[in-house]
Structures are given as structure tokens and as C-alpha cells.
Amino acid sequence: MKRPHTLRDSFRDAAVGLRTALREERNMRIHFTALGLLCAVSLVVGLNALEWAVLLLAAGAVIGLELLNSAVERAVDLAE
């Protein structure tokens, strides 16, 4: 019998998915580079906690939607 999927397995799968996206998707590398630059500038400017929260939520939304877009593109490619 197969063992149940644990929380650790879920985090490992998510990390593998992000690594795959960074390796195979040019736009994902662009988004992560922009996020790194944005964080560096934000540190210099000195954002407060609320501004950091908004920044990270927006960045998470962009990256999440890019992952969703990539998944849809792959599904369409498979269907063709």
C-alpha cells in the first residue's frame, strides 16, 4: 500500500515545481530577477511592515499567476 502524502512531501513537490519553472520558463526567471531587484531597492528605501506585506503579496500573486499560465500552456500543448 502507498503511504499517505505528508506535509513534507507537499513542500518538496512545491520546491521541485518552482525549480522546474525557473529552469524551463524564461518569464519566471525574469519575474524572480525583478523581485530580487525590487527587494534590494525596498531595503535601501526602508519600507515599513505594511508596505513589505503588500509588496510580497503582489509578488506572490504575479508568480502564482505565472505558474498558472505555464500550467495552462502545457495543458493546451498536450491537448493539441
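Asn48 caps the N-terminal end of helix α3, placing a side-chain oxygen 3.0 Å from the backbone nitrogen of Leu50; a polar contact here is a pair of N or O atoms within 3.5 Å, where within protein one must be able to donate a hydrogen and the other to accept it, and residues adjacent in sequence count only if both atoms are side-chain atoms. The model is predicted, so that local features need pLDDT of at least 70 and side-chain atom pairs count only at pLDDT 80 or more, while totals for chains, interfaces and linings use all residues. Residues are numbered from 1 along each chain as its sequence is written, and side-chain values use heavy atoms, with hydrogens and water left out.

The confidence, given as pLDDT on a scale from 0 to 100 for each residue, has a mean of 93 over the chain, with 100% of the residues at 70 or more. By helix, confidence is lowest in α1 (residues 7-24), at a mean of 93, and highest in α2, at 95. Helices are DSSP runs (H or I, at least four residues), numbered from the N terminus.

Within α3, Trp52, Leu55, Ala59, Ile63, Glu66 and Ser70 are buried, where buried means under 20% relative accessible area, exposed over 50% and partly exposed in between (1.4 Å probe, protein chains only). An α-helix has 3.6 residues a turn, so residues three or four places apart point the same way.

The buried residues of α3 pack against α2 (26-45), and the two helices meet at an angle of about 175°, with their axes 10 Å apart. That angle makes α2 roughly antiparallel to α3, a label for angles over 145 degrees.

Ser42 counts as buried because its relative accessibility is 7%, and, leaving aside neighbours within four places in sequence, Ser42 is in contact with Leu47, Trp52 and Leu55. Arg29, by comparison, is partly exposed, with a relative accessible area of 37%, and touches Leu22, Arg23 and Glu24, not counting residues up to four places away in sequence.

How values were computed: Contact means heavy atoms within 4.5 Å. pLDDT is the predictor's confidence in each residue, from 0 to 100. Axes are lines fitted to C-alpha atoms, for helices over the stretch in contact, and angles run from 0 to 180 degrees between N-to-C directions. Angles under 35 degrees count as roughly parallel, over 145 as roughly antiparallel, 65 to 115 as roughly perpendicular and the rest as oblique.
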